[in-house]
Amino acid sequence: MSAVALSASCVLFAATRGGSGVSVVVLLLVACVVQVVGELLFTAGGWGISTGLTPREAHAEYQSVFTAASAAAVMVAPALLALLLVDWGVAGWFALGFVFLAAGLPTPAVGRWALRTPGRTEPPVTVS
C-alpha cells in the first residue's frame, strides 16, 4: 500500500501547480501527510521483507545487500528528482508516481510467493 500512498502524494503535489493561497497550503499539507504515511508503510514493508524472508544463517549478508541498495537509491535520488520535478514539472510528478506504482504494486505478491515457495524461507522463530 506504500506505492499507492506515495503515488497519491505525487498527484497531490502536482495538483498545486498554478494554484495560490489557502487551497494550495491545504493541498500541500495533505500531500505531506499522505507522503509520510507512504514512507512509513514503505519502511515497515522493507523491514518485513529484509528480515522476514532471509534464511537464519544469512541475515548479515541479506542485510548488507538491502542496506547497499538503499544507499544506492539515496545517491541516485537527488539527480533523478531534480530531473523529474524541476525539469519536467507536473509530468515529472506523474512519472515519479508511476515509478512508485510500478515498483511497489508487485511487491506483496512477490512476498507471498516467497513465503509459500518451499526452500525459500524457514518458518518463523517462535518464542515460548
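Me: Where do I start with confidence, and what does the protein chain average in pLDDT?

Reply: Start with the general idea: where pLDDT is low, the predicted coordinates should not be read in detail. Here the protein chain averages 88, and 91% of the residues score at least 70.

Me: OK, on to the fold. How many helices and strands does the protein chain have?

Reply: Five helices and zero strands. Read from the N terminus, that gives α-α-α-α-α. The radius of gyration of the protein chain is 18 Å, well over the 14 Å that the globule rule gives for 128 residues, so the chain is more spread out than a compact globule. Along the principal axes, the C-alpha trace spans about 55 × 30 × 20 Å.

Me: And burial: what share of the residues count as buried?

Reply: Take under 20% relative accessible area as the cut-off. Of the 128 residues in the protein chain, 21% count as buried.

Me: What about contacts between residues at least 6 apart in sequence: what percentage join residues at least 24 apart?

Reply: In the protein chain, that's 57% of them.

Me: Last one, charges. How many positive and negative side chains are there?

Reply: There are 5 positive and 5 negative ones, and the centres of the two sets lie 12 Å apart.

Conventions
Residues are numbered from 1 along each chain as its sequence is written. This is a predicted model: local features need pLDDT of at least 70, side-chain atom pairs count only at pLDDT 80 or more; totals for chains, interfaces and linings use all residues. Side-chain values use heavy atoms; hydrogens and water are left out. Helices (H or I, at least four residues) and strands (E, at least two) are DSSP runs, numbered from the N terminus. The radius of gyration is taken over C-alpha atoms; the globule rule is 2.2 Å times the number of residues to the power 0.38. Buried means under 20% relative accessible area, exposed over 50%, partly exposed in between (1.4 Å probe, protein chains only). Contact means heavy atoms within 4.5 Å. Lys and Arg count as positive and Asp and Glu as negative; His and the chain ends are not counted. The place of a charge is taken as NZ of Lys, CZ of Arg, CG of Asp or CD of Glu. pLDDT is the predictor's confidence in each residue, from 0 to 100.
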